[in-house]
Amino acid sequence: SALVPFMSMGLGIDDMFVLLQEFIRACHLQDNPRQRMAATVREAGPSVTVTLVANAVAFMIASIVRLPAIYIFSYQMAAAMVLNWFGLFTVWLPLVYLHAIRSAQRKAFCCTTERPETDVLKSSLYFE
């Protein structure tokens, strides 16, 4: 049971990277955050969903084992996979969308009204 948070975090972070990579690849839509997020979800959403469903099904199949420690762990991991999916699509993607809005407005930080002298997207680490 103590391993579940670390395993679920490890299995969820790779899907976060998949979504973020697709968001970065859609930089040609940087002036329209809604279209950029739609392109991100359209391209990466199905693969993330299939990955998490496959992991959840694998853990449910593993719960057939009669050892109490194994089937309890398997049920917990299957539930964690479902929660990872909800977390990605209800917390992570809205935060990325807020970043897209901020980038479209050329704001340097989330709470400032000053516009930076250079383009925020071009000067980030992803484009150097």
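**Entry 1: a ring cluster**

I started with the aromatic rings, and found Trp85, Phe86 and Phe89 linked by ring pairs into a cluster. I note that this is a predicted model. How many aromatic pairs does the structure hold? I counted four. I placed both Tyr71 and Tyr75 in helix H3, four residues apart, or about one turn of the helix. In general, residues three or four places apart in an α-helix point the same way, because each turn takes 3.6 residues.

I then checked how open these two tyrosines are. Tyr71 has 30% relative accessibility, so I put it down as partly exposed. Tyr75 is partly exposed too, at 43%. Next came Trp85 and Phe86, another edge-to-face pair, with 5.2 Å between the centres and 80° between the planes. Is Trp85 buried or exposed, or something in between? Trp85 is partly exposed, with 29% relative accessibility. Phe86 also counts as partly exposed, at 45%.

**Entry 2: the chain as a whole**

I found three helices and zero strands. Read from the N terminus, the order of elements is α-α-α. The chain has 128 residues, and 29% of them count as buried.

**Entry 3: helix H3**

I followed H3 from end to end. It covers residues 68-104, which makes 37 residues. From its first C-alpha to its last I read 52 Å, close to the 54 Å expected at 1.5 Å a residue. Where does H3 bend? I found a bend of about 35° at Leu88. Leu88 is also one of the buried residues of H3, and others include Ser74, Met77, Met81, Asn84, Val96 and Arg102. I looked for what these buried residues pack against, and found helix H1 (4-25) and helix H2 (33-62). After H3 comes Arg106, with a positive phi near 60°.

**Entry 4: helix H1**

I turned to H1 and checked its length. H1 has 22 residues, so at 1.5 Å a residue it should span 32 Å. The end C-alpha atoms of H1 are 32 Å apart, which agrees. Among the buried residues of H1 I listed Val4, Ser8, Gly12, Asp15, Leu19, Glu22 and Phe23. The cover over the buried residues of H1 includes H2 and H3.

**Entry 5: the core and Phe23**

Which residues touch the most other members of the largest nonpolar core? I found Leu19, Phe23 and Met81, in a core of 19 residues. H1, H2 and H3 are the elements that give two or more residues to this core. H3 gives the most, with eight residues.

I looked at Phe23 again. Arg36 lies over the face of Phe23, 3.8 Å from the ring centre. I then set aside the neighbours of Phe23 within four places in sequence. That left contacts with Arg36, Met37, Thr40, Val96, His99 and Ala100. Val96 and Ala100 had already turned up among the buried residues of H3.

**Entry 6: two C-alpha distances**

I picked out Gln30, in the loop between H1 and H2. Is Gln30 buried or exposed? With 15% relative accessibility, Gln30 counts as buried, because the cut-off is under 20%. I then read the distance from Gln30 to Ala100. They are 70 residues apart along the chain, yet their C-alpha atoms are separated by 7.2 Å.

Val57 is partly exposed, with a relative accessible area of 44%. The C-alpha atoms of Val57 and Ser74 are 9.9 Å apart. Ser74 itself is on the list of buried residues of H3.

Technical notes:
Residues are numbered from 1 along each chain as its sequence is written. This is a predicted model: local features need pLDDT of at least 70, side-chain atom pairs count only at pLDDT 80 or more; totals for chains, interfaces and linings use all residues. Side-chain values use heavy atoms; hydrogens and water are left out. The expected span of a helix is 1.5 Å times one less than its number of residues. The bend at a residue is the angle between axes fitted to the seven residues ending there and the seven starting there. Buried means under 20% relative accessible area, exposed over 50%, partly exposed in between (1.4 Å probe, protein chains only). Contact means heavy atoms within 4.5 Å. Rings of Phe, Tyr and Trp (its six-membered ring) pair if their centres lie within 6.5 Å; planes under 30 degrees apart count as stacked, over 60 as edge-to-face and the rest as tilted. A charge sits over a ring if NZ of Lys or CZ of Arg is within 6 Å of the ring centre and within 35 degrees of the ring normal. A nonpolar core is a set of buried Ala, Val, Leu, Ile, Met, Phe, Trp, Tyr and Cys residues joined through side-chain atoms within 4.5 Å.
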